[in-house]
Amino acid sequence: MSIEIILIVAMLAVTYLPRMLPFALASRIRLPMWMQEAMSYVPIAVLTVIIVQTSLFKQDQLQLTLTNPYIWAAFAAFVVARIQAKLFITVLSGLIVFFIAKLML
Amino acid sequence: MLPISNAPYRDGAKDTLPLVFAAMPFGLVFGALCQAQGLPDWFTLCLSLFVYAGASQFIAATMLAAGAPVFIITITVFIVNLRHLLYGITLIPLVKQLPLKTRAWMAFFITDETFAVTARHLPGLSQNDEKYAKWLQQYYWGSSTFMYVNWVLCTAVGVLLGNQIPELSHYGLEVAMVVAFIGIVVPALQLPSHWICALVAGISACLTYAWPHKTGLLFSTFMAIAAGMWSQHTLFTQLPNKDPQS
């Protein structure tokens, strides 16, 4: 078997397993209260980590400076998302500020 | 929160549209990157078709090109995907009434994006409201199939266009994903403990960025959840608990 097929099968396994396990057991387990509560923090926790690591690190270096256009875009998106709830408006505002910042910096 | 409509599938797809746009450059660049690294086209397409996990696919393609052994690539991908375990546990109330076969199919389509839009509607899911559960299940399918078809198509286009597509990091197109995720996280910050959770997630994300095999993502997630729960039960106990499940 070629290395590509082995890798696809291996990746399918390690990707599908964590996705499937909770759903497979879904009808049999009842989550304790504290765990239900903990799960309500999952979207905020994971997405924030992804946001911060993608926008503050470039070429594996922390870029916590005002010349990093990601910071301007993220700030704009944050403000716009606080004002209104439409995801499209937030994305659009963030992109516009990003490209303006890129042009000017 | 959306009112329950007669077109749940369309609702899910519609709410996911901004995330579909944000994922497009990733799909294109993934296809092009694999092309440029000399990986066979069928392999690239199979990854998107059968693995269907953006971050993991990028990691695999990059590590493979760097000559990393399959075993190490698999371990790293596994660690990166462990967050799906948390997504799955969070979504249990949505799927627990469904037959195993349906659940098995739904599980395949869990992504950051579909989880993020679906999770916003989970608080409305009470034990007895079957109509709402049905609505949200169809909503999930609308979101996930839209993401999936888009991902596979963009990968294919990326492979076709090959090196005509400039490098993602050069133009900074990851920004679309960043601002889309911000648009999802910010409205979710409703309790003071949610802000603590986000703050700890952000700080820990910086401190653990260089950890091997992307272990920092998972570690930071657990730290942030723990900090959020701890603050909810110690610092902010006087506040009315808005969590509808309790």
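1. Contact between the chains. In this predicted model, 68 residues of chain A touch 92 residues of chain B. The two chains bury about 7100 Å² between them, and carbon and sulfur atoms account for 79% of that area. On the chain A side, the residues that lose the most area to chain B are Arg19(A), Phe23(A) and Tyr41(A), which together make up 12% of what that side buries.

2. Polar terms across the chain interface. The count of salt bridges between chain A and chain B is 0. Polar contacts are present: 16 residue pairs, with both partners at pLDDT 80 or more.

3. Several elements of chain A each supply at least two residues to the side that touches chain B: helices H1 (3-24), H2 (33-39), H3 (42-56), H4 and H5, together with strand S1 (57-58). The largest share comes from H1(A), with 19 residues. By residue class, this side of chain A divides into 50 nonpolar, 10 polar and 8 charged residues.

4. Area between the domains. Domain 1 and domain 2 of chain B bury about 840 Å² between them, 83% of it from carbon and sulfur atoms. Within domain 1 of chain B, the residues losing the most area to domain 2 are Ile79(B), Leu86(B) and Pro123(B), together 46% of what that side buries.

5. Polar terms and make-up of the domain contact. Between the two domains of chain B there are 0 salt bridges and 1 residue pair in polar contact, both residues at pLDDT 80 or more.

6. Aromatic pairs. Over all chains, the structure holds 22 aromatic pairs. One of them joins Tyr70(A) and Phe98(A) in an edge-to-face arrangement, at 5.1 Å centre to centre and with 70° between the planes. This pair links distant parts of the chain, 28 residues apart: Tyr70(A) lies in helix H4 (residues 69-83) of chain A, and Phe98(A) lies in helix H5 (residues 87-104) of chain A.

Notes:
Residues are numbered from 1 along each chain as its sequence is written. Chains are lettered from A and ligands numbered from 1 in the order in which they are written. This is a predicted model: local features need pLDDT of at least 70, side-chain atom pairs count only at pLDDT 80 or more; totals for chains, interfaces and linings use all residues. Side-chain values use heavy atoms; hydrogens and water are left out. Buried area is the accessible area (1.4 Å probe) that two parts lose on being put together, summed over both. A salt bridge is a side-chain nitrogen of Lys or Arg within 4 Å of a carboxyl oxygen of Asp or Glu. A polar contact is a pair of N or O atoms within 3.5 Å; within protein, one must be able to donate a hydrogen and the other to accept it, and residues adjacent in sequence count only if both atoms are side-chain atoms. Rings of Phe, Tyr and Trp (its six-membered ring) pair if their centres lie within 6.5 Å; planes under 30 degrees apart count as stacked, over 60 as edge-to-face and the rest as tilted. Helices (H or I, at least four residues) and strands (E, at least two) are DSSP runs, numbered from the N terminus. Contact means heavy atoms within 4.5 Å. Ala, Val, Leu, Ile, Met, Phe, Trp, Tyr, Cys and Pro count as nonpolar, Asp, Glu, Lys and Arg as charged, and the others, Gly among them, as polar.
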